[in-house]
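These are my notebook entries on a single model.

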Amino acid sequence: MIQAAVMGYGTIGSGVVEVLHTNQESIAKRAGEGIEIKYVLDVRDFPGDVVEDKVVHDYQTIANDPEVKIVVETMGGVEPAYTFVKAMLEAGKHVTTSNKALVAEKGAELIAIAKEKNINFLFEASVGGGIPIIRSLNSCLTADEIEEITGILNGTTNYMMTKMADEGSEFEDVLKDAQNKGYAEKDPTADVEGYDACRKIAILTSLVCGQQVNFNEIHTEGITKVSAADMKYAKQMGRAIKLLASSKRTDSGYAAMVAPYLLSPKHPLYHVNDVFNAVFVHGNVLGDAMFYGSGAGKLPTASAVVADMVDIAKHINRNIWVEWSSKKLELSEFLQIQNMFFVRTSADKEEVKKVFGEVEFVEAPQITGEIGFITGVLTEEAFAEKKEKLYGILSVIRVS
């Protein structure tokens, strides 16, 4: 029996315990032997819970116990998670985590420690919840050079965009609904401002390139400026608004960004609705591939964590190679990224043509006092310059 510990007994941590119990027999068969939780680290006690007698409050208890071979980190945040995880790795224990903040900021360093110790630091659940995108990049798609990864990587924002489109609601109303349903936190900033998706695309780009991506350098926009009026125009165009996190290889390197986009029905992510996540991958040999599923939630995310535990159990004496060095990846200049743009403005058509030249005007009969139009392909820099010359701009959303 392999002894394991869980650090952080919240939604995901308790889910890990539940998955290990529910699928105990099949997990043991796949891992080669059973996996048993010996400790649960948390600041709280859990009287009456199945882990009541396993709870400890000092992470050193786990680090100093030679029987514990696998440690699960589901605490969230960079600290104290980083300190605890590093201590576990240095003590020769394998670690798996669902913590995207930790992986995005400290991934290269923790992978390096694991390699040095001939153990493993795995993080499948840090991106896409239950979608096996990281394992696929590390093992199934290694024959390809990945030229693009574009994903809907945040279930909360996707739920909100879907509800705004279906009901014509304003952002503030769907945010309250998402919070009431438990999809959005009391402080939803990380989700609605795009920071969560930013960290996830940074992780995926780091894996594809084998170098450390600084997520702070990725241009990031959230959904807070998307309105019911934008949704009406989207419907008129037969399009859907989605928050996309993308990374594309260009002549000058990888260009990454997070922003709302208007998608046509032909786009592979157009039909991804509600709390679901999806990742589109284009390889130079494979071509196009899609990964779709539950991107968040207790059991889908816990399932991905336990899958890592099984993988570790099968490689208990061997490091699973992950190509991700501490060398910093220089991203392409954001201002040179090319896009089409949908613009709403109170300016008239002649003024629009004077600034942007030939554009495609969009009529939304139920909206008065403004016009909408789609530009041709422009660099971000060129669009910003033209935007300054047009008065009355109400909204801007990129078009894919």
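I took two strands as paired where DSSP finds at least two bridges between them. Helices (H or I, at least four residues) and strands (E, at least two) are DSSP runs, numbered from the N terminus. The model is predicted, so I noted that local features need pLDDT of at least 70 and side-chain atom pairs count only at pLDDT 80 or more, while totals for chains, interfaces and linings use all residues. Residues are numbered from 1 along each chain as its sequence is written, and side-chain values use heavy atoms, with hydrogens and water left out.

**Entry 1: strand β13**

I looked up the partners of β13. Four bridges join β13 to β15 (residues 371–374), and the two strands run antiparallel. In this pairing I found Val343 opposite Phe373 of β15. β13 is also joined to β17 (residues 393–399) by six bridges, again antiparallel, with Phe341 standing opposite Arg398. A further antiparallel pairing, over two bridges, links β13 to β16 (residues 378–379); there Asn339 faces Leu378.

I then checked burial (buried means under 20% relative accessible area, exposed over 50%, partly exposed in between, with a 1.4 Å probe and protein chains only). Six of the eight residues of β13 (residues 338–345) are buried, and the strand is mostly covered.

**Entry 2: the six-stranded sheet**

I traced an open sheet with parallel pairing, in the order β3-β2-β1-β4-β5-β6. Its edge strands, β3 (55–56) and β6 (121–122), each pair on one side only. Within the sheet, β1 (residues 2–7) and β2 (residues 35–41) run parallel and are joined by six bridges. I located Gln3 opposite Glu36 of β2.

Two packed helices are described by the angle between their axes and the distance between the axes. I used axes that are lines fitted to C-alpha atoms, for helices over the stretch in contact, with angles from 0 to 180 degrees between N-to-C directions. Angles under 35 degrees count as roughly parallel, over 145 as roughly antiparallel, 65 to 115 as roughly perpendicular and the rest as oblique.

α4 (residues 81–90) packs on α5 at about 10 degrees, with the axes 10 Å apart. The pair is therefore roughly parallel. By class (Ala, Val, Leu, Ile, Met, Phe, Trp, Tyr, Cys and Pro nonpolar; Asp, Glu, Lys and Arg charged; the others, Gly among them, polar), I recorded eight nonpolar, no polar and five charged residues in this contact.

How do the axes of α5 and α10 cross? For α5 (residues 100–117) and α10 (residues 195–209), the axes come within 9 Å and cross at roughly 45 degrees, so the two helices are oblique to each other. The residues of this contact divide into four nonpolar, no polar and four charged. In contacts (heavy atoms within 4.5 Å), Lys100, Ala101, Val103 and Ala104 of α5 meet Asp196, Arg199, Lys200 and Ile203 of α10.

**Entry 3: two loop residues**

I found Gly295 in the loop between β12 (287–294) and α12 (298–314). Gly295 counts as buried because its relative accessibility is 6%. Not counting residues up to four places away in sequence, Gly295 touches Gly128, Gly129, Val275 and Asn277.

Ser264 lies in the loop between β10 (253–263) and β11 (276–283). Beyond residues up to four places away in sequence, Ser264 touches Arg239, Tyr270 and Ser400.
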